[in-house]
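Please open the model in your viewer and keep the selection panel at hand.

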Amino acid sequence: MSVPHQKASMPFIYLNNAATSWPKPREVIAEVTRCLSQPFAEAGRSAYCSAIDYPSVTRELLSTCFQTEHADHWVFTANATDSLNILIHGFARRESSPFHVITTDLEHNSVLRPLSALEHESCLSLTIVPSGPDGRVDPEDIKNAVRPDTRLVVMTHGSNVLGTVQDIRNVGDYLSANDIFFIVDGSQSAGLVPLDLSKVPMDAFAFTGHKALYGLPGTGGFWIRDPDRIAIIREGGTGTDSKRLLHPTGMPERFEAGTPNYPGIASLYAGLRFIEKVGLDVIALHDRECTNIFTRELACNRNITLYSQDPDLPVVPFNITGIPPDDVGNILANAYGIITRTGLHCAPLIHERIDKGTGCIRISPGYFTTFDECRQAVEAICEVADNADS
């Protein structure tokens, strides 16, 4: 096929927000600059009281945004993968004998790999529940997979490949009634989907900061209802109870060791405040309109296979007949200045179902993506698809 050459002055269009949101709000950059311009301070670690205690104020803001009772049950980690590893391995360490776990084929490797490693070590047996043709897991399938030895369910809230949001409340109601620990991966949904943790029965919620919460890469965390259900798997300095050689069990120190990522937490604080200022409904409406431009137009092209016709999140996965997804990504980037994501998106099981494991191109607009940029990207993608056979 013939490929147009990108003009040197052509600006790029960023459509990879499901990986990392960009650009960051001005408020985020300003807060990080402010954080770096003054000494770091945190309760228990510093006598300097004029600086902002970013971990404390951000915990309070997370607690307000997600409607939780105890702000100190919010724990900061390096990212959602870090959070999920702490939760999954920490839960397994509490169990005295092998147990059964349920997850889904929508999961990211941050769930699949820790579970698979523990299964390989004979710590657990694993059931993977498939999603339906619409990219959603039927809660009844989760319930039907429960066995007498089921102790844990780990499930994504929003698919990073299909953009579908799962019915975690229905699942959570059943699991809570049967005393089965429920971990929800909110990497794709936090900052895009309203979530009241006081009303949704789950035991732990993992999130990342660098996607729809507008924070810097290297930020994330989790909320936990009952900290005693998860064993401590990291020990170190906390700034509290330093005479004892055993790690503190109080929150949040129980799961936090070492120096916090102050600039990263400052960015998360500013990102949460930005969402409060703009309004989650306003952000969701903009993302929905952007997503509709892509799904409506791409579905009409005979050479394009769209894998999610009506995604709940701003995630649009597709392939072009006859062109490998990596090649399409390179063409869009080099000839049109359009930044997408290609490959398996670290979620191999769902790709086995939708594209036989070849991977796909993923478009993910964000709040700062303009409608004109969406239309330009659609035109470019369709041009590539129309020339696929030439």
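A crossing is right-handed if the near helix is turned clockwise from the far one by less than a right angle, and left-handed if anticlockwise. This is a predicted model, in which local features need pLDDT of at least 70 and side-chain atom pairs count only at pLDDT 80 or more, while totals for chains, interfaces and linings use all residues. Residues are numbered from 1 along each chain as its sequence is written, and side-chain values use heavy atoms, without hydrogens and water.

Next, select helix 8 (residues 280–298) with helix 11 (residues 371–386); their axes come within 10 Å and cross at roughly 20°. Helix 8 is therefore roughly parallel to helix 11 (angles under 35 degrees). This crossing, too, is right-handed. The contact includes Ile293 and Phe294 of helix 8 and Val378 and Ile381 of helix 11.

Turn now to Met202, which touches Phe182, Trp223 and Arg225, among others, not counting residues up to four places away in sequence. Met202, Phe182 and Phe205 have the most contacts inside the largest nonpolar core, of 57 residues (buried Ala, Val, Leu, Ile, Met, Phe, Trp, Tyr and Cys joined through side-chain atoms within 4.5 Å; buried means under 20% relative accessible area with a 1.4 Å probe, protein chains only). Helix 7 supplies the largest share of this core, ten residues.

Technical notes: Buried means under 20% relative accessible area, exposed over 50%, partly exposed in between (1.4 Å probe, protein chains only). Helices (H or I, at least four residues) and strands (E, at least two) are DSSP runs, numbered from the N terminus. Contact means heavy atoms within 4.5 Å. Axes are lines fitted to C-alpha atoms, for helices over the stretch in contact, and angles run from 0 to 180 degrees between N-to-C directions. Angles under 35 degrees count as roughly parallel, over 145 as roughly antiparallel, 65 to 115 as roughly perpendicular and the rest as oblique.
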